[in-house]
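I opened this model to look up a few local features. My entries follow in the order I made them.

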Amino acid sequence: MINLTAIEKSFGDLPVLKGVDLVVPRGGVTALIGPSGGGKSTLLRCINLLELPTSGTVEVGECRIEFRPGRKVNQKAVRELRRQTGMVFQNFQLFPHQTAVANVMEGLLTVLKWPKDRAHARAIELLDKVGLAHKADAWPSSLSGGQQQRVAIARALAPEPKVLLCDEPTSALDPELSGEVVAVLAQLAEEGTTMVMATHDLRLARQIAHDVVFLEAGKVVEAGQASQIFEKPSQARTVQFISTLT
Ligand code: ADP
Ligand code: MG
């Protein structure tokens, strides 16, 4: 479902991704772990093309785009690929002046041009899925962090993306509230949602991820099945890093 090949990304003179490969099969759940500044967020943003790779190939579902320095980017192809993805951020990033249900409807109305009643029905269905149908008319500021993140997940899923990308989805939450977000993501994983998540949350990674990629200084240090990486990592650096997670 996701196939990244030889992704390089520089910001000006600063190389941030130095040739990263990533394969996530349909229904696969991959956790990106690694120290801050290692390039996890940048890699996620190169999957949905919020950042355009300097070079390399990005494939999501049926969409495939090759990036080469100096080559012109086909904006239509970028928009098309982007639509295959949904993204959840550390700080929820809900629209503060819209109710929960309006947040979930937003992309359906503005991007997909759905009629209002259809978008509303879909949004309520998704809020129900994350356990928040009763909060449909609540303002984001009246919701807990865990509830806000669940609304953000519903919003990301509304246009039926092929993959869900999560950037530190529980990092802004205390353990109790992060538990409810982990539960929602676990349910999505069980239903076969293809996901890539950057996380420092060992519980999230251990409970949900099928595969783990350890990214440091823009390179994959080690990648493999979650059980193998957590129980029997082959690189000393991986052992050391995992011991710092809580
Ligand atoms: P992580 O998510 O693993 O903490 P990031 O992908 O956020 O890592 O950052 C990797 C490196 O890229 C850092 O050195 C960061 O400062 C740099 N970086 C990220 N985004 C930008 C940007 N828009 N402009 C310049 N440098 C950036
Ligand atoms: Mg990050």
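I started with the annotation: the unreviewed UniProt entry gives "domain: ABC transporter" for residues 2-242. UniProt positions follow the numbering used here, feature names are shortened, and annotations may be inferred rather than shown by experiment. Over residues 2-242 I get 37% helix and 27% strand, with the end C-alpha atoms 25 Å apart. Helices (H or I, at least four residues) and strands (E, at least two) are DSSP runs numbered from the N terminus.

**Ground rules.** This is a predicted model, where local features need pLDDT of at least 70 and side-chain atom pairs count only at pLDDT 80 or more, while totals for chains, interfaces and linings use all residues. Residues are numbered from 1 along each chain as its sequence is written, with chains lettered from A and ligands numbered from 1 in the order in which they are written.

**Ligand 1.** Which residues surround ligand 1? I list Phe11, Leu14, Val16, Gly34, Ser36, Gly37, Gly38, Gly39, Lys40, Ser41, Thr42 and Ala198. A residue counts here if its C-beta atom, placed from the backbone, lies within 6 Å of the molecule. β2 (14-24) and α1 (40-47) each supply at least two shell residues. α1 gives the most, with 3. By class I note 4 nonpolar, 7 polar and 1 charged residues. Ala, Val, Leu, Ile, Met, Phe, Trp, Tyr, Cys and Pro count as nonpolar, Asp, Glu, Lys and Arg as charged, and the others, Gly among them, as polar.

I turned to α3 (residues 100-110), which holds Ala102. Ala102 is partly exposed, because 19 other C-beta atoms lie within 10 Å. The cut-offs are 20 or more such atoms for buried, 12 or fewer for exposed, and in between for partly exposed, with C-beta atoms placed from the backbone. α3 packs against α4 (residues 116-129) at about 125°, with axes 8 Å apart. The two helices are therefore oblique to each other; under 35 degrees is roughly parallel, over 145 roughly antiparallel, 65 to 115 roughly perpendicular, and the rest oblique.

**Positive phi.** Most residues other than glycine have a negative phi. I found Lys113 with a positive phi of about 60°. Lys113 sits in the loop between α3 and α4. Lys113 is exposed, because it has 8 C-beta neighbours inside 10 Å. Ala217 also has a positive phi, near 50°. I place Ala217 in the loop between β9 (211-216) and β10 (219-225). Ala217 is partly exposed, because 14 other C-beta atoms lie within 10 Å.

Methods. Axes are lines fitted to C-alpha atoms, for helices over the stretch in contact, and angles run from 0 to 180 degrees between N-to-C directions.
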